[in-house]
Amino acid sequence: MSVAITEGIRVEAEPAYWEENSAPAQGRYAFTYTIRISNLGLLPAQLLRRHWIIQDGTGAIQEVEGEGVIGKQPILTPGDRFEYTSWVPLRTPIGTMRGTFLMVRPDGTRFRAEIAEFVLAEPGALH
């Protein structure tokens with residue numbers, strides 16, 4: 001699990017190997033990740049965009065950018081928490097993810113909430 005706090009926005013990421021959607025013999029490894037976003041600050045913030053940097057075990061990097069998360073652009077008032085689960089395929093049994101969420105305050109101020117790097121690993125891949 002990884003944790004980062006940026007301007008009062010706490011982002012936790014918890015990855016897991018998704019065996020049912022993986023096919024190691026075909027070079028396909030699937031991982032889920034649950035993201036928990038909490039507003040620990042005093043001001044509301046809305047998540048506008050996501051930017052992911054995904055690296056597999058060969059060092060190949062894929063960047064994913066887009067609006068919102070799972071089709072939503074949640075507004076988090078102080079004390080609110082938003083959670084979602086998504087997934088990512090890799091060609092190797094180990095990799096990493098990190099990124100940012102573009103957030104906006106009611107006054108139009110924008111900032112990037114950090115998503116600290118976390119490891120995606122098939123059980124046994126770290127031995």
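## Overall size

The radius of gyration is taken here over C-alpha atoms, and the rule for a globule is 2.2 Å times the number of residues to the power 0.38. A compact globule of 127 residues would have a radius near 14 Å; the chain has 15 Å, so the two agree. The model is predicted. Along its principal axes, the C-alpha trace spans about 50 × 20 × 20 Å.

## Secondary structure and contacts

The chain has 9 strands and 0 helices. Among contacts between residues at least 6 apart in sequence, 62% join residues at least 24 apart.

Buried means under 20% relative accessible area.

Strand 8 pairs with two strands described here. Strand 4 (residues 45–56) runs antiparallel to strand 8 and is joined to it by 10 bridges. In this pairing, W52 stands opposite G99 of strand 8. Strand 9 (residues 110–121) also pairs with strand 8 in the antiparallel sense, over 10 bridges, and here M103 stands opposite F111 of strand 9. Strands 8 and 9 form a hairpin with 5 residues between them. In the turn, G108 has a positive phi of about 95°.

## Surface and charge

In the chain as a whole, 44% of the 127 residues count as buried. The accessible surface comes to about 6,900 Å², and carbon and sulfur atoms account for 49% of it.

The side chains include 12 positive and 15 negative ones. The centres of these two sets lie 4 Å apart.

Key
Residues numbered from 1 in each chain as written. Predicted model: local features only at pLDDT ≥ 70, side-chain atom pairs only at ≥ 80, totals over all residues. Heavy atoms only, no water. Helix = DSSP H or I, 4+ residues; strand = E, 2+ residues; numbered from the N terminus. Buried < 20%, exposed > 50% of the residue type's maximum accessible area, 1.4 Å probe, protein only. Contact = heavy atoms within 4.5 Å. Areas by Shrake-Rupley, 256 points an atom, 1.4 Å probe, with all protein chains shown as cover. Lys, Arg positive; Asp, Glu negative; His and termini not counted. Charge placed at Lys NZ, Arg CZ, Asp CG, Glu CD. Pairing = 2+ DSSP bridges.
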